[in-house]
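Please look over the sequence and the model first.

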Amino acid sequence: MSSQERADAYLSKKKNSEDAFKAEKWRLLDDLYSKKLWHPVTMMLRELMYEPAFTMGESLKDMYDNFIHEFEHRINPLELVEIILPVAREIATQDHEAACSFIGGIEKTVKNDKEAMIRSATAQAELRLSHKDANGRCSDIQSVRALIESTQTALDALPGVTAVHAPFYKMSSVYLREIGDYAAYYREALRYLGCEDSNKMTEADCRMQAVCLGFAALLGENVYNFGELLAHPILESLRDTPEKWLVEMLYAFNSGNLAEFHKHKGTWSEWDDLKKHQALLEEKIRLLCLMEISLGRPSKMRHIPFAEIAERARVAEDEVEFLVMKALSRGLVRGSIDQVNQLVTITWVQPRVLDRKQILAMADRIGQWHKEVDGISGLLQENAKEILTKA
């Protein structure tokens with residue numbers, strides 16, 4: 001039996017399904033297929049392969065072998081990869097390596113399309129990440145790392161942002177979460193959100209991403225800029241949920257508010273990851289407090305007494321110098337320490353995304369600066385004639 005005869009026989013059988021919904025969809029597919037309307041067939045398959053009401057109870061591998069395989073060379077390569085992904089996931093429930101080999105086999109068909117090849121490699125990494133050992137850890141993390149490195153090179157060669165960027169960044173962020181690299185996960189997950197269509201994300205997906213990003217921001221080494229996350233609408237998914245405290249914690253860190261941080265201690269200390277890294281959290285919020293103190297002052301008034309820093313950052317005065325040295329060494333601020341006069345002079349603060357309150361404070365300082373400039377300008381105008389006459 002030829003592949004076309006097999007496809008015809010398969011469609012004929014499926015059109016007689018007892019499920020009215022499925023029978024109607026199969027009749028539509030048969031009609032489009034018989035008329036060789038490849039694009040409409042592709043679009044309909046792309047939708048149906050992710051429709052639970054259609055796929056439930058179906059053998060997607062049989063569907064591929066008896067129908068899709070017959071005309072896969074006529075399907076847009078990137079769409080083909082997306083269509084066969086549910087097939088691979090079904091295979092993975094029985095044989096993980098067979099699922100990876102199945103996707104690898106599709107690469108022969110899509111090898112001339114760069115985006116399709118990237119999506120295929122991403123899908124293989126996704127499958128390997130989902131395969132866990134007895135301890136709940138990825139059982140083949142080395143293969144995932146190799147796939148990410150090779151795929152990243154191909155992705156970087158693409159012009160602009162494409163449809164394969166979001167799946168890659170999502171998979172890569174899952175890998176970074178798996179190995180416990182909070183800072184890298186934070187950056188990669190933000191890249192994913194920057195590429196993904198938020199309308200495609202379920203409420204549960206948004207909530208999970210918001211929680212993971214929040215934890216990564218708090219625990220990530222050298223992550224001192226929370227503004228981009230605080231400005232992202234994904235945090236709205238935590239409003240009116242048991243995790244709303246996390247949003248309040250992020251705002252507390254962004255403004256260096258230790259009082260708010262300690263206010264939520266009873267809640268965040270219930271989470272093992274946060275409780276285990278309490279010392280790191282306290283150090284980070286104190287450094288952010290120092291940055292906030294500096295940002296809150298006009299540039300010509302950044303001679304800050306040790307006593308003020310000690311009070312705001314909740315440290316002893318003899319610990320202020322060490323705190324400032326940490327900030328200087330990490331490039332968060334630039335300046336000098338006058339140990340004799342117990343003063344810290346800040347000349348520069350690391351740029352970061354500001355929240356609404358911080359922007360309003362900066363606007364007030366700009367307004368004050370504008371008044372001072374007008375005052376000097378008026379003074380010059382009043383005295384210019386006298387200066388010119390004496391000259």
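Predicted model: local features only at pLDDT ≥ 70, side-chain atom pairs only at ≥ 80, totals over all residues.

Residues are numbered from 1 along each chain as its sequence is written, and side-chain values use heavy atoms, with hydrogens and water left out.

**Overall form**

- The chain holds 21 helices and three strands; these are DSSP runs numbered from the N terminus, with helices (H or I) of at least four residues and strands (E) of at least two.
- With a radius of gyration of 29 Å, well over the 21 Å that the globule rule gives for 391 residues, the chain is more spread out than a compact globule.
- That radius is taken over C-alpha atoms, and the rule is 2.2 Å times the number of residues to the power 0.38.
- Along the principal axes, the C-alpha atoms fill a box of roughly 105 × 60 × 40 Å.

**Burial, contacts and surface**

- Of the 391 residues, 43% count as buried, meaning under 20% relative accessible area, where exposed is over 50% and partly exposed lies in between (1.4 Å probe, protein chains only).
- Among contacts (heavy atoms within 4.5 Å) between residues at least 6 apart in sequence, 60% join residues at least 24 apart.

**Strands**

- Strands E1 (residues 303-305) and E3 (residues 343-349) pair in the antiparallel sense over three bridges; pairing requires at least two bridges found by DSSP.
- Isoleucine 304 has valine 344 in E3 as its bridge partner.
- Strand E2 (residues 333-338) is joined to E3 by six bridges, and the two run antiparallel.
- Serine 336 has threonine 345 in E3 as its bridge partner.
- E2 and E3 form a hairpin with four residues between them, and glutamine 342 in the turn has a positive phi of about 55°.

**Leucine 218**

- Leucine 218 lies in helix H12 (residues 203-219).
- Leucine 218 counts as buried because its relative accessibility is 0%.
- Leaving aside neighbours within four places in sequence, the contacts of leucine 218 include Phe226, Leu246, Met249, Phe253 and Lys284.
- Phenylalanine 54 is 164 residues from leucine 218 along the chain, and their C-alpha atoms are separated by 42 Å.
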